[in-house]
Amino acid sequence: MQQNKLIKYLTYGTLLFLAVSILFPIYWILNTSLKDVSSIFSYPPKFIPESITFKNYLSGFFGSRMLRYFFNSLKVSIAAIILTLIVATHAGYAAARYKFKGKKEVLFLLLSTSMVPGIAILVPLYIISAKLGLYDNHITLILIYSAWQSPQVVWIMKSFFEGIPKDMEESALIDGCSPLGAFYRIALPMAQPGIAASAIIIFVYTWNEFLIAYTLTSSTGQRLLTTGLYFTMTAQGIDWGALTAATIMSLLPITILFFFMQKRFIQGLTSGATKG
Amino acid sequence: MKNIKSIWRKNRLPYYFITPVVVLILLVIFLPIIYALWLSTQKTDFTTPIGFIGLHNYINIFTDPDINFFNSLKSSLQFVVGSLAITVPFALILAVLLNKNIKYKAFFRSIFVLPWVISQVAAALIWSWLYNTNYGPLTYLLQVLGFKAIKFLGDPNYAMISVIFTNVWRTYPFAMILMLAALQSIPEELVEASRVDGANSLQIFFRVKLPLIQNVIMNIFILLSLLYFNTVTVILILTEGGPLNSTYVLALKTFKESFFYWKFSTGVTLGIIIFIINILISLLYIKILGRESDI
């Protein structure tokens with residue numbers, strides 16, 4: 001019994017130590033973002049700010065272009081979530097319920113997208129969007145993000161619909177409900193947890209995406225948060241107070257959403273990654 | 001009931017339902033990759049293709065000392081292998097700890113998953129401030145422990161390992177979640193039976209649990225290899241490939257050749273080479289998955 005207790009304390013001790021180590025980088029920029037300039041550039045570094053100031057949040061976020069980028073990111077993310085969900089719930093349902101010619105080929109096509117690395121199609125996307133007059137346009141980002149996330153979300157939704165018994169839909173069909181109605185009125189409402197899991201998976205991707213946004217936008221007004229942070233950082237002379245404040249603000253929505261929806265998030269991640 | 005069964009079989013509805021997603025990925029993923037294949041056979045004047053030159057671009061990539069392909073390939077391998085070597089054991093330890101019967105399990109789990117939802121841009125930014133040689137807490141830590149200050153990102157000897165640490169911090173949760181799910185799927189009776197037979201915890205882990213999740217771990221190796229091999233953003237922001245090209249991995253080179261130096265022929269051809277390496281890694285994945293389903 002004594003030994004069991006020791007193991008228990010060791011487990012908690014290890015977990016606590018690791019949790020603190022993992023969180024420290026985030027704590028450190030939070031700490032910096034609340035300091036004034038003289039205290040940011042002091043050595044040895046202060047692990048707890050002596051006096052708290054919110055000036056950095058004003059100069060680095062609320063009073064800067066970053067606020068605009070924040071709403072750009074929000075707009076693009078929400079649009080991409082909606083488009084992806086519309087496209088992928090339908091396909092996921094068809095794949096889960098129906099037997100049709102070419103189904104195997106379609107599923108293979110979806111799976112094979114995971115072999116295409118984003119970096120290999122950046123140049124073509126750049127040229128094509130320029131030729132179509134869609135360069136530097138949020139609509140392009142939304143379309144690309146949706147295409148990029150669709151295969152995974154189809155997979156998540158497919159396994160979700162497969163987990164719902166089809167009796168309800170079948171009895172509705174017997175009662176004269178159309179197949180379309182069976183999907184919209186019965187299956188879709190029951191798949192809400194799967195839709196939520198998909199939505200947060202898509203949000204994490206779009207909110208954090210950098211390479212495509214960097215490549216396909218040029219004007220400052222079209223920047224997203226990630227590209228905004230990048231250009232602030234590569235500018236001459238980094239204002240670390242302002243930059244860390246902006247970074248904290250960029251983490252806020254995703255962290256809040258993550259803590260509220262982590263069960264769904266983990267569910268989506270496991271069913272999307274194993275593709276089974 | 002026979003009628004109902006035929007609805008799931010003879011209906012045009014599924015075609016309407018799958019068409020949008022098929023069109024979307026054909027236009028946004030497959031058309032561009034085919035276009036990239038074509039472009040890689042073209043001579044380009046910066047961004048404009050001006051004529052067919054066969055495999056010249058490929059030969060050029062392997063032979064041009066300015067492109068220094070093999071140096072980048074070496075950096076990519078270091079980055080992938082180094083990241084895997086730390087991520088997989090670390091994620092496994094965490095998954096095992098979180099699979100124990102402990103209090104505050106959900107709390108610990110959410111803390112450990114958190115870095116995965118942070119963008120590569122933010123992660124790189126956070127760590128470049130941590131690595132700051134003059135004001136950073138890591139310099140202070142080294143000093144307290146009696147070591148000399150290190151230029152974490154400015155010294156070619158340390159840059160790669162510093163970049164790897166940031167990468168591990170951001171990506172281990174993915175491996176951890178999949179391992180935890182695999183551990184949780186092991187039936188309790190199996191563990192109990194071994195215990196009754198007199199096996200201790202260590203034996204149970206190595207003889208019972210580990211063999212049961214070894215396929216999952218293999219899959220994680222391959223998924224992470226793909227993820228790491230294609231990583232651009234973290235490295236771009238932390239080091240831009242420097243110092244002395246010590247972190248100039250292939251994916252980053254592809255990006256910089258294309259959009260920093262606007263040499264599309266080099267960039268696109270490197271992209272196709274990366275694509276081919278991705279296919280090889282994925283085929284390994286399919287092979288292992290296939291072997292799993294044979295059992």
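Student: Is W262(B) buried, partly exposed or exposed, and how many C-beta neighbours lie inside 10 Å?

Tutor: A note first: this is a predicted model. To read burial, one counts the C-beta atoms around a residue; 20 or more within 10 Å make it buried, and 12 or fewer make it exposed. W262(B) has 13 C-beta neighbours inside 10 Å, so it counts as partly exposed.

Student: Where in chain B is W262(B) placed, and what is its phi?

Tutor: Most residues other than glycine have a negative phi, and most peptide bonds are trans. W262(B) has a positive phi, near 55°. Its place is the loop between α12 and α13 (264-294) of chain B.

Student: Which value does phi take in D136(A), and where is the place of this residue?

Tutor: D136(A), although not a glycine, has a positive phi of about 60°. The loop that holds D136(A) runs between α6 (118-131) and α7 (138-162) of chain A. D136(A) is partly exposed, with 15 other C-beta atoms within 10 Å.

Student: Which residues does the cis peptide bond with omega of about 0° join?

Tutor: That cis bond joins Y43(A) and P44(A). P44(A) lies in the loop between α2 and α3 (55-62) of chain A. In chain B, the peptide bond from G242(B) to P243(B) is cis, with omega near -15°. P243(B) is found in the loop between α11 (233-238) and α12 (250-259) of chain B.

Student: How many helices and strands are there in chain B?

Tutor: Chain B has 13 helices and 2 strands. As for its overall form, the radius of gyration is 24 Å, well over the 19 Å that the globule rule gives for 295 residues, so chain B is more spread out than a compact globule. Along the principal axes, its C-alpha atoms fill a box of roughly 75 × 70 × 30 Å. Of the 295 residues in chain B, 40% are buried.

Student: What share of the contacts in chain B join residues at least 24 apart?

Tutor: The share is taken among contacts between residues at least 6 apart in sequence, and 68% of these join residues at least 24 apart.

Student: How do the two strands of chain B run, and how many bridges join them?

Tutor: Strand β1 (residues 42-45) of chain B and β2(B) run antiparallel and are joined by 4 bridges. One bridge pairs T44(B) with P49(B) in β2(B). The two strands form a hairpin with 2 residues between them, and F46(B) in the turn has a positive phi of about 55°. Strand β2 (residues 48-52) of chain B is hardly covered, as the count of buried residues among its 5 residues is 0.

Student: Which residues touch the most other members of the largest nonpolar core?

Tutor: That core has 158 residues, and M176(B) and M179(B) touch the most other members. Helix α8 (residues 159-184) of chain B supplies the largest share of this core, 16 residues. The core also draws at least three residues from each of domain 1 (1-53) and domain 2 (64-274) of chain A. Leaving aside neighbours within four places in sequence, M176(B) is in contact with A91(B), L94(B), A95(B) and F112(B).

Student: How many residues does the contact take from chain A and from chain B?

Tutor: The size of an interface is often given as the accessible area lost when the parts come together. Here the contact is described by residues instead: 79 from chain A and 73 from chain B. Helix α13 (residues 240-274) of chain A gives the largest share of the side of chain A that touches chain B, 15 residues. By class, that side of chain A has 58 nonpolar, 18 polar and 3 charged residues.

Student: Into which domains is chain A divided, and how many Å separate their centres?

Tutor: Chain A is divided into domain 1 (1-53) and domain 2 (64-274). Taken over C-alpha atoms, the centres of these domains of chain A are separated by 33 Å. Their contact takes 7 residues from domain 1 of chain A and 6 residues from domain 2 of chain A. On the side of domain 1 of chain A that touches domain 2 of chain A, α1 (2-33) and α2 (37-40) of chain A each supply at least two residues. α1(A) gives the most to that side, with 4 residues.

Terms used: Residues are numbered from 1 along each chain as its sequence is written. Chains are lettered from A and ligands numbered from 1 in the order in which they are written. This is a predicted model: local features need pLDDT of at least 70, side-chain atom pairs count only at pLDDT 80 or more; totals for chains, interfaces and linings use all residues. The radius of gyration is taken over C-alpha atoms; the globule rule is 2.2 Å times the number of residues to the power 0.38. Two residues are in contact if their C-beta atoms, placed from the backbone, lie within 7 Å. Ala, Val, Leu, Ile, Met, Phe, Trp, Tyr, Cys and Pro count as nonpolar, Asp, Glu, Lys and Arg as charged, and the others, Gly among them, as polar. Domain bounds come from an automatic or database domain assignment. A nonpolar core is a set of buried Ala, Val, Leu, Ile, Met, Phe, Trp, Tyr and Cys residues joined through C-beta atoms within 7 Å. Two strands pair if DSSP finds at least two bridges between them.
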